[in-house]
Amino acid sequence: MRSTALPGGRAASAPLLGHEMEPTMFEMSVPGRSAYQLRTTGVPERSLEDLVPELHRGETEIAVAELSERDLVGHFTRLSHRQFSVDLGAYPLGSCTMKYNPKFCDAVAADIGLNGVHPATPASLCQGWLELLVTLEEKLCVITGMSAATLQPAAGAAGELTGLLLMRAFHEANGDSRRRVIIPDSAHGTNPASVTLGGYEVTTIKSNERGLVDLDELKAALGPDVAGIMLTNPNTIGLFEEQITEIAAAVHEVGGLLYYDGANLNAILGVVRPGDMGFDIVHMNLHKTFATPHGGGGPGAGPVAVSQRLARFLPGPMAARRSDGTFEWRTPEDSIGRVHGWHGNAMVLARALAYIEVHGGDGLTRVAERAVLNANWLRERLRATLPAAYDRVCMHECVLSASALKAKYAVRGLDIAKALLEEGFHSPTVYFPLIVDEALMFEPTETESLQTLEALAEAIERIAARAASDPDSLKRAPQSTPVSRVDEARAARQLIATEDAAHRS
Ligand SMILES: Cc1ncc(COP(=O)(O)O)c(C=O)c1O
């Protein structure tokens, strides 16, 4: 029976509408206004000259916007109302896992007992923090089927580079100077970039007609100079690499290592583990799967877990449990060194542990099952409107193609994505992966209800109907949002990154 409940994930709130620009803080500035008040403490006043040596004093005054607290809060609140956010509505941005995150995890990270601790605090005075880090490391190892993990890398790409440096350290310790790392053509762009930064050459292999690694092509690319392969499973098309054990055997056979890009871990949590598939190194995007939204350049965490034979190379210092049950910082014997100034983005780590604890093992399995169910529901429901690029069961995301709409009405994937904003939904990822024509990659995530998915599908059907009746209007979409269609080519070529340069242009 069809539910009569209204969708909860559709953003239709008024502040998202309207084109008026929000002034900058400098435009709102009034000399003498301030958002703070200093209490009289009785501490005698001293001049700046007394406190700061001349060497460190600037010669020119720095421009600072002068605003009251009220104006400042209003400014940022208005700006936030003009953004689409995971708290506002459904955000099916494929490959990014932009899911709603439980507020409980925010409450944990807001605890002064955690966030009031300086990272240089001696271990004896912050045993609780060390225990938290060790517990998280242990749980991530259980989830991935690995032996040890570093929590230092600050994001997925930082985790990739760390993983490649570990791969390098492992081969070098064996007196093995290997040159190449194999990557499938569907891989995320950060993979080849990390390989190059890690000092290796990229060998790209073509996916087969089912969107998976072509085993014959892989075997042809393998050789004694191959350091390893980087894969994500499910891959970036949202498909599970069914021949993963054969792939692992072939790579191990030539002495290579398997690197798992765990940015897509949301699909397999509690169901299957990279370690059991044969992977040696795994990075996780905690800022996708475990309670911190991805994107926007915010803080992330890309822990890297490894099998036993790579544990001695992990970055240090790492929190470790002593035999008496207390905790200390320890650096593995052949550590590649630090990959972060301190111990990683600690609050993202705290949120991740809260998320894991609050869900429990069964709860994490349900996260993955529902994420996969939602993606498949959407793929099936849109079969007639936007057919899937590969017509088979997908994992947590589905890659649909607008190539038929392009051929018939010259309406492109980008036009559909932009029109969805007018419908109160965030756009899917467009034109990725590159191997799919007019790709629209939807990742509904487990957090959206059936009612929201129905509303999303209906919105896409309305847009497809508009493609037939009024294709030009789609070319101008979105019209009701604060920022309408931008000239993307000009924005890329003429990047204006500072406020003063924006005024000059
Ligand atoms: C498959 C895949 N790998 C790696 C990354 C890189 O992660 P980050 O953006 O945290 O550096 C992403 C990010 O979207 C991804 O989707």
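Colleague: Is A155 buried or exposed?

Modeller: A155 is buried, because 22 other C-beta atoms lie within 10 Å. Buried takes 20 or more other C-beta atoms within 10 Å of a residue's own, exposed 12 or fewer, and partly exposed is in between, with C-beta atoms placed from the backbone. Bear in mind that this is a predicted model, where local features need pLDDT of at least 70, side-chain atom pairs count only at pLDDT 80 or more, and totals for chains, interfaces and linings use all residues. Residues are numbered from 1 along each chain as its sequence is written.

Colleague: Where does A155 lie?

Modeller: In the loop between β1 (148–150) and α7. Helices (H or I, at least four residues) and strands (E, at least two) are DSSP runs, numbered from the N terminus.

Colleague: What does A155 touch?

Modeller: G300 and G302, leaving out residues up to four places away in sequence. Contact means C-beta atoms, placed from the backbone, within 7 Å. A155 and L349 are 194 residues apart in sequence and 11 Å apart in space, C-alpha to C-alpha.

Colleague: Ligand next. How many residues surround it?

Modeller: 15, and the closest are A155, G156, A157, H188 and A263. A residue counts as near if its C-beta atom, placed from the backbone, lies within 6 Å of the molecule.

Colleague: What's the shell like by class?

Modeller: It has 4 nonpolar, 10 polar and 1 charged residues. Ala, Val, Leu, Ile, Met, Phe, Trp, Tyr, Cys and Pro count as nonpolar, Asp, Glu, Lys and Arg as charged, and the others, Gly among them, as polar.

Colleague: Now α7. How far does it reach?

Modeller: α7 has 18 residues and reaches 25 Å from first C-alpha to last, close to the 26 Å expected at 1.5 Å a residue. The expected span is 1.5 Å times one less than the number of residues. 14 of the 18 residues of α7 are buried, so the helix is largely enclosed by the rest of the structure. Just after α7, G175 takes a positive phi of about 70 degrees.

Colleague: Which residues does G163 touch?

Modeller: Y259, I281, H283 and V304, not counting residues up to four places away in sequence. G163 is found in α7 (residues 156–173).

Colleague: Switch to α6. What span should it have?

Modeller: The 18 residues of α6 (residues 127–144) should span 26 Å at 1.5 Å a residue, and the end C-alpha atoms are 26 Å apart, which agrees.

Colleague: Which residues of α6 are buried?

Modeller: W129, L130, L132, L133, L136, E137, L140, I143 and T144. Down the axis of α6, these fall within an arc of 155 degrees, so they line one face of the helix. The arc is that of the directions from the helix axis to the C-beta atoms.

Colleague: Why would a spacing like that give a face?

Modeller: An α-helix has 3.6 residues a turn, so residues three or four places apart point the same way.

Colleague: What comes just after α6?

Modeller: G145, with a positive phi of about 75 degrees.

Colleague: Which residues other than glycine have positive phi?

Modeller: S95 is one of them, with phi near 75 degrees. S95 is in the loop between α3 (69–81) and α4 (103–109), and counts as buried with 23 C-beta neighbours inside 10 Å. Y431 has phi near 55 degrees. Y431 counts as partly exposed, with 15 C-beta neighbours inside 10 Å.

Colleague: Where is Y431 found?

Modeller: In the loop between β11 and β12. P433 lies in the loop between β11 (429–430) and β12 (439–442), and the peptide bond from F432 to P433 is cis, with omega near 0 degrees. The bond from N233 to P234 is cis too, with omega near 5 degrees.

Colleague: Last topic, domains. What does the assignment give?

Modeller: Domain 1 (108–358) and domain 2 (367–493), with bounds from an automatic or database domain assignment.

Methods. Two residues are in contact if their C-beta atoms, placed from the backbone, lie within 7 Å.
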